[in-house]
Amino acid sequence: MMASMDAVTSLFVRKMVAAAGGGVDAAALLQSVGLDPNAKADPKVMVLASAYYDLLERTAGEIDATQLPLRTGASMRCDDYGALGLAFKAAPTLLGSYSRVVRYARLWTSVVAYELEPDGVSTWFALHRPGARRLGLRLSNEATIASATAIAREVSQDGAFTPLEVHFTHPQPGATAHHEAYFGCPVFFGSDRDAILISADSISRANKLGDEGITQFLQQHLDQELAQITPTKSLNERTRDVIARALSEGVPKMEDVARNLGMSVRSLHRRLANDGMTFRTLTEETRQELAEGLLCDERYSIAEVAFLTGFSEQSSFNRAFKRWAGDTPATYRKAQNRPAAAP
């Protein structure tokens, strides 16, 4: 089964449940998300993200889950990820390994996107996961970052890899000593990103099993798998959706939209710029499109359309709409709803 909207691979679910140990009813937890406890783990079997977060929150209600994502991350191995894990191992350098994750992560999750972002001589490996920072999502983010660290250690020449820093956007848990011990570096909570900062030496270091020929072969296989996945919405489309939902409460700030999309303001700005777009332009276009659509529906008064597109006063909406469309809202509505002429 290929990845679908708002789904994660059942591999993560099984790993989390296993890491919880004897303090939970593993079989019941797996069955609660539709998984057969006796079946062999298959990364291509997907579970709804909301069901996964629910499972994690139930687990946290039964045991102290502070170390759960760290234990889960530590248990991950490249081979668990199938062809993607093999491509991670076969990449010549750690930069190549993480680049494979950025490109092919959609094969095992549709709720997380990854990014490599240079920062001076260092590099951020960041994950972007939209949604409110509920406990289940927070635990999942910590496990994902811990997993990324574990497989980097697995492919290194000496089995060692230590980030410069680790960052999480969610608040600090009650204790952080285990996090700092696991990562071996400062860990920051309440940050503007979910990411690890990697030194130039670490990112460029040769992997112990790096093989360019093998990695090219695996990439061809992964490209074929990727081509079979139904395309998801672009960042522009997802940003427009968030803006449109927020407009009834006024024009949203970029930092609020970025947070809803699960990324930093800087990342959102850069990725929009790569598509030749600015947040301001995207907001204006979204307001115009929403206004034009609402004006075609006579159930909404012009005052209501103004409110739903983020204007506190109808007069301001009238001026903005005339600038956008060349007509007043009333004239535009009349033209759109005029009966078609008889042939």
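Begin by selecting Arg287 and Phe311: Arg287 lies over the face of Phe311, at 3.9 Å from the ring centre, where a charge counts as sitting over a ring if NZ of Lys or CZ of Arg is within 6 Å of the ring centre and within 35 degrees of the ring normal. The model is predicted, so local features need pLDDT of at least 70 and side-chain atom pairs count only at pLDDT 80 or more, while totals for chains, interfaces and linings use all residues. Residues are numbered from 1 along each chain as its sequence is written, and side-chain values use heavy atoms, with hydrogens and water left out.

Across the whole structure, a search finds 12 aromatic pairs, a pair being rings of Phe, Tyr or Trp (its six-membered ring) with centres within 6.5 Å, called stacked if the planes are under 30 degrees apart, edge-to-face if over 60 and tilted for the rest. Phe317 and Phe321 have ring centres 5.8 Å apart and planes at 50°, so this pair is tilted. Both Phe317 and Phe321 are buried (under 20% relative accessible area, with exposed over 50% and partly exposed in between, using a 1.4 Å probe and protein chains only).

Next, select Arg193 and Trp124, where the charged end of Arg193 sits over the ring of Trp124, 4.3 Å from its centre.

Finally, turn to the cysteines: the structure holds zero disulfides (pairs of cysteine sulfur atoms within 2.5 Å). The sulfur of Cys185 is too far for a bond, because the closest cysteine sulfur, in Cys78, is 19 Å away. Cys185 is buried at 8% relative accessible area, whereas Cys296 is partly exposed at 37%.
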